[in-house]
Amino acid sequence: MNDLAILNGKIFDGANTYEANIYVKDGKISTVSSERFDAVEIYDAKGFYILPGLIDPHVHFALNLGKYTSADNFESGSIGAAYGGVTTYIDFLDPITEYSELERAFDRRMKLAANSHVDYTFHTTIAHPNFSTEKLCQKSLELGINSVKNFTTYSSSNRMTRDGYIFELLKSTKKYGLIATFHAENDDMILRAMSSERTHVPSRLPKYHSFEAEAEAVSRIANFAKLTDGQAYIVHNSSGRSVELLKRCGIPSNLRLETCPQYFVLDSSKYEKSEEIAALYALVPPLRSREDVKLMREHFKNGLFYTVGTDHCPFKKIEKLENANDYDSMPNGIGGVETSFYIFYTLFVKSGILDLNELVKIQSTNVAETFGLNEKGKLKVGYDADIAIFDPNAKWVVSNDTLHTKADYTPYDGLALNGKFVSTIVRGNFVVKDGVFNEKTKGRFVKRGPVFWRTH
Ligand SMILES: [Zn+2]
């Protein structure tokens, strides 16, 4: 006897569209069939679309920056995720320099994540480490982590990893089956842009973190990928012009690009209104020009982005505004985990530019494949029963009152969106059912072993 039957839905599995019933037993998908079988619980999904649970590879819950901590902890963040169709996310360990810090960094985040309501895993984060790339890879894998985040900038706060180490690390990724991920901006260009101004204000963000600084660094990572054959992944690509340069130089198949929703519907005109508004939209990379946004949409349509993350990292208004005239004292980041899919669905699917399967691939299947989440991202027998049930006809307008974040504003306020997840299932358990949250459903840590990308 199955535990759950989801009947009459239209399945979009990231490749094909078809009508079938999905059956769940012991947290796994047990049958996908047009036939009727018995189940303890029956869910009628008539009129809805059935998608594999989405996977957000880039969130920052309970990110402690010293004075400020990001507004969503693992509980509220994961609830927002569930309402956005997300059944697994990848957060980050705190940056480490010493080898001995890695296990402690892992334990610390694991404790905080214990109250997550959907599944989770972490990227190891390094900050100019003083130990070998071999030890880094071996220890990460021992902890069940197969990805390592690098910053090519932030030397001023000691988070930058230098090119020599990056080059070695990429060679090691190939050997051990790891993925090196990069926040890629040219450190020296940023330092110079900032040092030329005596005081720093948020409205000048696009000047400090210019698209050229991003373009230079992503190109460098692409070159390292070509030289090493390692597995390289660039997070939060923000600039259409930067991606254009990459494209012209050639994006090797062992380099994968992530982007985020904010770079598709928000632009740098937010920085021109007032320092207060600029502060609310202070994030890195910053919002880009209208020209960039237009190009980003073209690149998305043309399949240049392998995954979508959100870089979900909201702060409270007061935290953003209490130093609105002092960029150096304010926390960077905005929210987005709950709204991401709807933004892309509205922009690309509802408008007829892309097939829904294309979006499902980018927000689920590709993420699972890239980061070795081997039992997720597919609606196939034997996979985890992570299922998102979507009403394609819903229409709504974003307002912070209806979101589940603990932040007190949303950067998308007033944005009209299409589609809504009505129910979200994690390993066979409803975390949201017909719009109602079920606190009993708990997430768990997903171990990830070595992964070797299929490249050509
Ligand atoms: Zn981030």
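A nonpolar core is a set of buried Ala, Val, Leu, Ile, Met, Phe, Trp, Tyr and Cys residues joined through C-beta atoms within 7 Å. "Buried" has a cut-off too: a residue is buried if 20 or more other C-beta atoms lie within 10 Å of its own, exposed if 12 or fewer, and partly exposed in between, with C-beta atoms placed from the backbone. The structure here is a predicted model, in which local features need pLDDT of at least 70 and side-chain atom pairs count only at pLDDT 80 or more, while totals for chains, interfaces and linings use all residues. Residues are numbered from 1 along each chain as its sequence is written.

Let's start with the inside. The largest nonpolar core has 122 residues, and those with the most contacts inside it are Ile50, Ile221, Ala232 and Tyr281. Helix H7 (residues 211-228) is the top contributor to this core, giving nine residues; helices (H or I, at least four residues) and strands (E, at least two) are DSSP runs, numbered from the N terminus. Both domain 1 (2-51 + 379-437) and domain 2 (53-370) supply at least three residues each to the core. Nonpolar side chains tend to be buried together in soluble globular proteins. What does alanine 232 touch, leaving aside its neighbours within four places in sequence? Its contacts are Leu170, Ala180, Phe182, Ile221, Phe224, Ala225, Asn254 and Leu255, where contact means that the C-beta atoms of two residues, placed from the backbone, lie within 7 Å.

Next comes the split into domains. The chain is divided into domain 1 (2-51 + 379-437) and domain 2 (53-370), with bounds that come from an automatic or database domain assignment. Taken over C-alpha atoms, the centres of domain 1 and domain 2 are 27 Å apart. Their contact takes 30 residues from domain 1 and 40 residues from domain 2. On the side of domain 1 that touches domain 2, the elements giving two or more residues are strand S14 (387-397), strand S15 (416-426) and strand S16 (429-433). S15 provides the largest share of that side, six residues. The residues on that side of domain 1 divide into 19 nonpolar, eight polar and three charged; here Ala, Val, Leu, Ile, Met, Phe, Trp, Tyr, Cys and Pro count as nonpolar, Asp, Glu, Lys and Arg as charged, and the others, Gly among them, as polar.

Now for the sheet. Eight strands form an open sheet with parallel pairing, in the order S6-S7-S8-S9-S10-S11-S12-S13; two strands pair if DSSP finds at least two bridges between them. Strand S6 (54-56) and S13 stand at the edges with a single partner strand each, so one side of each is left without a neighbour in the sheet. Strand S7 (residues 86-92) pairs with strand S8 (residues 119-125) over five parallel bridges, and isoleucine 90 has threonine 121 in S8 as its bridge partner.

Strand S12 (residues 255-259) deserves a look of its own. Is S12 mostly covered or mostly open? It is mostly covered, with five of its five residues buried. Leu255, Leu257 and Thr259 point one way from S12, while Arg256 and Glu258 point the other way. In a regular strand, side chains alternate between the two faces of the sheet. On one flank, four bridges join S12 to the parallel strand S11 (residues 232-237), with asparagine 237 bridged to threonine 259. S12 also pairs in parallel with strand S13 (residues 307-308) over two bridges, and there glutamate 258 is partnered by threonine 307. S11, helix H8 (residues 240-249) and S12 make a right-handed β-α-β unit, right-handed meaning that, with the strands pointing away from the viewer, the path from the first strand over the helix to the second runs clockwise.

Helix H1 (residues 74-83) is largely enclosed by the rest of the structure, because eight of its 10 residues are buried. Its cover includes S6, S7, helix H2 (101-113), S15, S16 and strand S17 (436-437).

Most residues other than glycine have a negative phi, and most peptide bonds are trans. Tyrosine 154, in the loop between strand S9 (147-151) and helix H4 (163-176), has a positive phi near 70 degrees. Asparagine 158 lies in the loop between S9 and H4 and has a positive phi of about 60 degrees. The peptide bond from valine 284 to proline 285 is cis, with omega near -5 degrees.
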